[in-house]
Structures are given as C-alpha cells and as structure tokens.
Amino acid sequence: MLIRDLFSKHIPTEPTRNGFGRGLVIAGQKNENVVALCADLSESTRVLDFKNAFPKRFIQMGVAEQSLAAIASGMALAGKVPFIASYAAFSPGRNWEQIRTTACLQNINLKIVGAHAGISVGPDGATHQMTEDIALMRVLPNMTVLCPCDSIEAEKATIAAAEIDGPVYIRLGREATPVFTTARSPFEIGKAQILTKGTDVAIIGCGPLVYEALKAARDLEKAGIVARVINCASIKPLDSKTIIDAAKTCGAIVTVEEAQIAGGMGSAICELLAEHFPVPIVRIGMQDEFGQSGTPAELLEHYRMTAAWIVKAVKKVMKMK
Amino acid sequence: MPPRNHSLAAITDPGVRKLELLANTIREDILRMLTTAGSGHSAGPLGMADIFTALYFHILNHNPKRTTWADRDRLFLSNGHIAPVRYVTMAHAGYFPVDELKTLRKFGSRLQGHPEIRHLPGLENTSGPLGDGSSQAVGTAYAAKMNGESWHTYCVMSDGELECGITWEAAMFAAKNQLNNLTWIIDRNNIQIDGYTEDIMPLEPVHDKFAAFGWNVLEIDGHNMRDIINACDRGESTWEAPTVIIAHTIPGKGVSFMECEPSWHGKPPKDRSELGKALKELRTLEGKIEAGE
C-alpha cells in the first residue's frame with residue numbers, strides 16, 4: 001500500500017499542492033462543469049495547471065476572498081462545480097461567513113482549497129501560517145474536511161471532492177514533503193487507512209506529518225513498541241469505526257497534526273472517543289500559540305511535531321494506560 | 001452576448017393601475033403577516049412592494065409551478081430581512097397558498113425569518129448576512145454567460161449593504177466581466193437599523209460610485225411602476241455592462257407613522273389596534289390609486 005523503500009534517504013518529495021493541481025485538471029476533464037476561481041495566487045496554489053488546460057473555465061478574482069466564496073457559490077447555484085483556491089489564512093481565514101451561509105447552509109457544490117496551511121509555510125511567518133482552518137471548517141454542518149498526507153493522496157482527494165455533492169475543504173501544504181503512498185493506495189472520503197499494524201499504541205495523523213508518524217513507529221519498534229499508524233485524511237466525516245477499533249485494541253493514542261490542537265483533527269478524535277471508548281490521548285500540534293519565521297524543519301522541531309517528539313508522546317501516553 | 005430582445009415597456013395605463021393596486025394589497029398582507037408573527041421587519045418590505053409586484057407580475061420570466069425551470073429569470077434577494085415582501089408577492093403569484101403567510105417565523109414553517117432555499121422552492125438563494133446575495137447573483141450571471149444562456153439575473157439589495165466590502169468586490173468583478181445579463185436593484189431608502197445611512201456611514205454619491213466602477217447606472221422613483229418597468233427594460237437591453245437601478249423608496253410606504261422612521265426598520269405592528277390604524281391608511285392609499293392621484 002505504501003512505497004517499498006519507505007525510509008530511503010532518496011524518497012521523492014513534492015508539495016501536496018502539486019497533487020491538487022494535477023487532480024483539478026483530471027476533475028476538469030471528467031466534468032465540464034468544474035471551474036476554478038483564484039484570488040491572485042494561481043501559480044502558488046497550482047491552479048495554473050487548470051488555467052492552462054481550460055482557460056475559459058478559470059476565473060481570476062483578484063485579492064477578494066469574500067466574493068471569491070460568494071461568487072463561486074452563485075456559480076454553483078447555476079450548476080457549476082467551483083473550486084476556489086487561495087492560501088488557507090485568507091480562504092477560509094477571511095471568508096468564513098460566506099462559506100457558512102452560501103456554501104454550507106445552502107449545501108451546494110463549493111470546493112474550498114486552502115494552500116500553505118500549517119507552520120511548515122516557514123519564512124513567511126505567523127500571518128501566513130494557517131493553523132486554525134481545520135477547526136473553522138470542521139464545525140460547519142454539511143462540510144467535508146480533507147487533509148491529504150502527500151501529493152498522490154491530494155490528487156485523489158481533489159478528484160473525490162469534485163465527485164461528491166456538497167461543500168468540501170481541502171487542506172494543502174507549501175513544502176515539498178515525502179511522497180510515500182502510491183497510485184494504488186486506497187483513498188475514500190470517510191475512511192482512515194491503517195498504515196502499520198500494531199497493538200501497543202495508535203498514532204493517528206493527517207497531512208504530511210503522517211510520514212513523521214511512520215518514522216516514529218519505526219523508531220519505537222526498536223524499543224519493542226509496535227504502533228498502529230493511521231492516516232486520517234478524512235477529518236470529517238471521521239472514520240469512527242477504525243478509530244474506535246484502534247482505541248479498543250491499542251488502549252492509548254497520539255494524534256499528530258500541523259494545526260491548533262483546539263478544534264483540530266485530534267479534537268475530533270477526542271470528542272469521538274470521549275463518547276464511545278475513552279482512552280488516554282496526547283495531542284501533537286500547535287499548543288494554543290502562533291508560529292514564527294524559520295525553516296520548516298526548524299519550526300516543526302521547535303513546535304514539537306517531528307518523529308522524535310512523537311516517540312516521546314507515545315512513551316508518555318503509554319504510561320497513562 | 002447580445003441583450004435580450006423583448007420590450008417590457010409595452011404596458012397600458014390600466015395595466016399599471018392594476019399593478020399599483022396589487023402592490024397595495026401586498027402591503028396590507030405584509031402588515032397582517034408581521035402582526036401575526038409578532039416579529040420581523042416592516043419598513044423595508046412596505047417600501048419594496050411596488051418593485052416586487054413589478055418583478056413578479058410583469059418583468060420576470062418565471063413559472064410558479066416550475067420553480068427549477070432552467071430558463072427562468074433569477075431573482076436573488078440579498079437583504080434577506082425584507083423576506084415578507086417576497087413571501088407575500090410569491091403567494092399572490094401562485095407559489096404557495098396565501099393562507100400559509102400566517103406561518104411566517106413559526107416553528108416548522110417554510111417561511112423562515114430570513115429566506116432559505118432548503119425550505120421554500122422558488123427562492124434562488126438563502127439570505128440574511130448582507131453582501132452575500134448580490135455577490136451570488138454576480139456568480140450566477142457569470143455562469144449564465146459562460147453557458148450562453150439568455151435569461152436575466154436580478155438581485156434586490158439594500159443601501160445599507162453598500163457598507164459591506166464584499167459588495168464592491170463583486171461590483172468590480174461584474175464590471176470586469178461585462179455582465180450585461182445582471183441587474184442589481186438597490187432599495188435606496190436611507191435607513192438602516194441604527195439610524196439614517198448618511199449618519200451611520202455616508203454612502204453618497206451612490207450614482208457616481210457605481211458609474212466609476214463601470215456600471216450602467218439608473219436612478220428611479222421606486223414607487224413609480226413605469227419607472228421601475230422602464231429601468232428593468234433598459235437594464236435588460238444594455239450591452240457590455242451590468243446595470244444598477246438605484247430605487248429611491250419610502251421605507252414604511254403608505255403608513256404615515258412608519259414612513260422614513262428608522263425605528264420601524266426591524267419591528268412589526270405591536271397589536272391589532274396598531275395594525276388597524278396602518279390598514280386604514282393603506283385603504284386611503286388604495287382610494288388615491290383608484291382615483292388616479
């Protein structure tokens with residue numbers, strides 16, 4: 001299900017946004033109603049691929065995120081399947097109400113693509129490091145929230161988003177990160193994938209940090225701890241069965257995300273398990289603070305999101321069993 | 001895309017008179033339904049009764065029995081709080097029984113406090129938060145142009161929402177894309193919840209602002225049926241630019257103690273007695289219309 005040489009120093013890397021760019025072109029080929037709107041960021045959000053393939057179906061909005069959402073919703077009301085792309089800090093950061101009213105309350109086909117999410121945006125600093133988007137989108141009725149772990153999964157998530165009815169949020173990163181799934185890896189909205197079979201602890205992650213979870217699992221194995229790593233790309237709907245099974249079998253969970261732990265994927269898992277099968281949980285993510293400038297590697301280390309920190313979190317949570 | 005080729009302006013004097021009387025009946029029903037509901041907005045709906053009557057009974061190409069008909073004209077409402085005037089006009093146009101107006105704002109009603117497409121067929125959008133409806137109308141008009149459709153998109157909106165940034169984002173977009181299949185109708189009644197618009201946040205010169213944004217700008221008396229119809233006709237016959245109709249209206253039109261009074265923006269008649277006083281004034285207005293005054 002994953003690439004063969006998972007921990008090779010030469011593992012290919014690519015930003016998840018590139019997978020979105022490819023997926024959007026494929027979605028456009030499959031459905032002539034797919035259109036793309038962009039708020040002055042067509043190159044860096046990778047909407048440019050779609051613009052080149054379907055120039056008449058690309059709409060330049062300028063720096064106007066509120067109307068980006070509402071005008072796209074108006075197009076959806078007329079039968080289009082609009083993808084709106086910007087940086088997550090601005091969309092859904094700036095246009096939450098338009099998304100709530102025009103996309104979610106009306107329950108229409110608006111697909112929101114938030115690029116440059118998380119702190120691994122790096123040198124741009126805290127203004128551009130969106131860490132609250134999962135919380136903002138997850139709380140909205142009718143919304144689907146996807147956070148793909150690599151570019152291949154991002155491509156699949158984009159195609160899947162175009163094919164379901166209703167609003168979808170897709171969270172993307174800026175940095176080139178390991179491509180560790182393959183064309184044959186399963187992806188389904190509402191399903192989480194068990195990447196390693198283990199029974200001592202479960203590590204549930206989303207986005208490119210899932211690769212750090214896999215590295216942590218490799219390191220833990222040397223200490224005799226066998227971890228079940230789960231890729232939870234579909235944050236909403238959540239795969240309750242896979243997560244509850246993991247809680248029952250492993251008895252302790254670490255969640256990993258490049259987002260605020262308040263309201264994020266880890267919160268969603270805590271909510272689910274608190275009601276159905278409470279087990280000790282430690283959440284890795286932004287601990288109620290903003291990021292800063294730095295290299296992605298420096299920031300992931302500083303905010304305790306790397307494999308070494310996941311290993312520590314596992315040891316901590318296992319003592320709480 | 002060429003403008004649509006039909007003349008709305010061909011209407012007889014008795015035809016105009018009939019619309020004016022219907023608008024007055026709609027005003028009466030607005031006040032009855034608001035009194036029954038016990039909450040809701042009075043001023044805006046009364047002020048927009050003439051325009052909604054003209055739209056549903058003369059201007060729009062629509063069919064109450066086929067609400068999803070692909071070639072219908074689209075009427076968006078951006079200031080959702082004036083929903084009562086739309087509900088009453090739709091009921092009279094045959095979208096649902098007039099009797100259902102009694103359910104406004106009640107639990108289980110299709111007539112939500114602010115209008116919602118998930119409850120009532122025949123609406124084009126869910127509205128309330130200002131600025132969203134006008135922007136969605138722009139998106140729908142854009143999609144219609146992409147597809148080479150010939151139907152027209154209208155949006156009724158308030159002057160207060162000219163204070164929203166999104167309104168001007170959408171205005172720039174509509175002009176850039178030469179959406180001549182789009183008409184915004186602004187209810188220029190000069191009031192908003194907290195007072196007079198020019199005290200809260202001066203909007204003038206509205207005409208010049210839209211002209212500077214590249215729109216075809218028309219300014220009318222929003223209670224003059226011929227003005228309303230002619231302006232919509234001109235909007236539908238325009239090349240290369242979206243049209244905005246600045247409709248000067250009297251909030252609370254027809255009821256002297258409500259007219260131009262900001263305190264009537266967001267409340268209904270308080271009881272049957274106050275309703276009775278208001279209806280009496282509307283019957284006087286009806287007499288004047290019949291007499292051709």
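**Exercise 1. Find what share of the contacts in chain A between residues at least 6 apart in sequence join residues at least 24 apart.**

Solution. Start with the contact rule: two residues are in contact if their C-beta atoms, placed from the backbone, lie within 7 Å. Keep the pairs in chain A at least 6 apart in sequence; 80% of these contacts join residues at least 24 apart.

A note on the model and its labels. This is a predicted model: local features need pLDDT of at least 70, side-chain atom pairs count only at pLDDT 80 or more, and totals for chains, interfaces and linings use all residues. Residues are numbered from 1 along each chain as its sequence is written, while chains are lettered from A and ligands numbered from 1 in the order in which they are written.

**Exercise 2. Describe the overall build of chain A: its helices and strands, its radius of gyration and its buried share.**

Solution. Step one: count the elements. Helices (H or I, at least four residues) and strands (E, at least two) are DSSP runs, numbered from the N terminus. Chain A has 11 helices and 14 strands.

Step three: check burial. A residue is buried if 20 or more other C-beta atoms lie within 10 Å of its own, exposed if 12 or fewer, and partly exposed in between; C-beta atoms are placed from the backbone. In chain A, 60% of the 321 residues count as buried.

**Exercise 3. Trace the open sheet of seven strands in chain A and name the strands at its edges.**

Solution. Two strands pair if DSSP finds at least two bridges between them. The order is β3-β2-β4-β5-β7-β6-β12 of chain A, with mixed pairing. The edges are β3 (58-60) and β12 (234-236) of chain A; each has a single partner strand, so one side of each is left without a neighbour in the sheet. Neighbouring strands are turned by 20° against each other on average, direction ignored.

β6 (residues 144-146) of chain A and β12(A) pair in the antiparallel sense over two bridges. Val145(A) stands opposite Lys236(A) of β12(A). The peptide bond from Lys236(A) to Pro237(A) is cis, with omega near 0°. Pro237(A) lies in the loop between β12 and α8 (240-250) of chain A.

**Exercise 4. Work out how α3(A) and α4(A) pack.**

Solution. Axes are lines fitted to C-alpha atoms, for helices over the stretch in contact, and angles run from 0 to 180 degrees between N-to-C directions. The axes of α3(A) and α4(A) come within 9 Å and cross at roughly 5°. Angles under 35 degrees count as roughly parallel, over 145 as roughly antiparallel, 65 to 115 as roughly perpendicular and the rest as oblique. α3(A) and α4(A) are therefore roughly parallel to each other. On α3(A), the contact uses Gln66(A), Ala69(A), Ala70(A) and Ser73(A); on α4(A), it uses Gln98(A), Ile99(A), Thr102(A) and Ala103(A).

**Exercise 5. Describe the side of chain A that touches chain B.**

Solution. Begin with the count: 21 residues of chain A are in contact with 21 residues of chain B. Next, the elements: α3 (65-77) and α4 (96-105) of chain A each supply at least two residues. α3(A) gives the most, with nine residues.

Then sort by class. Ala, Val, Leu, Ile, Met, Phe, Trp, Tyr, Cys and Pro count as nonpolar, Asp, Glu, Lys and Arg as charged, and the others, Gly among them, as polar. This side of chain A has nine nonpolar, 10 polar and two charged residues.

**Exercise 6. Decide whether Val156(B), Arg105(B) and Asn190(B) are buried or partly exposed.**

Solution. Val156(B) lies in strand β2 (residues 153-158) of chain B. Val156(B) has 28 C-beta neighbours inside 10 Å and counts as buried.

Arg105(B) is in the loop between α4 (83-93) and α5 (132-146) of chain B. With 19 C-beta neighbours inside 10 Å, Arg105(B) counts as partly exposed. Its phi is near 65°, a positive value in a residue other than glycine.

Asn190(B) is buried, with 20 other C-beta atoms within 10 Å. Asn190(B) has a positive phi of about 70° although it is not a glycine.

Key. The radius of gyration is taken over C-alpha atoms; the globule rule is 2.2 Å times the number of residues to the power 0.38.
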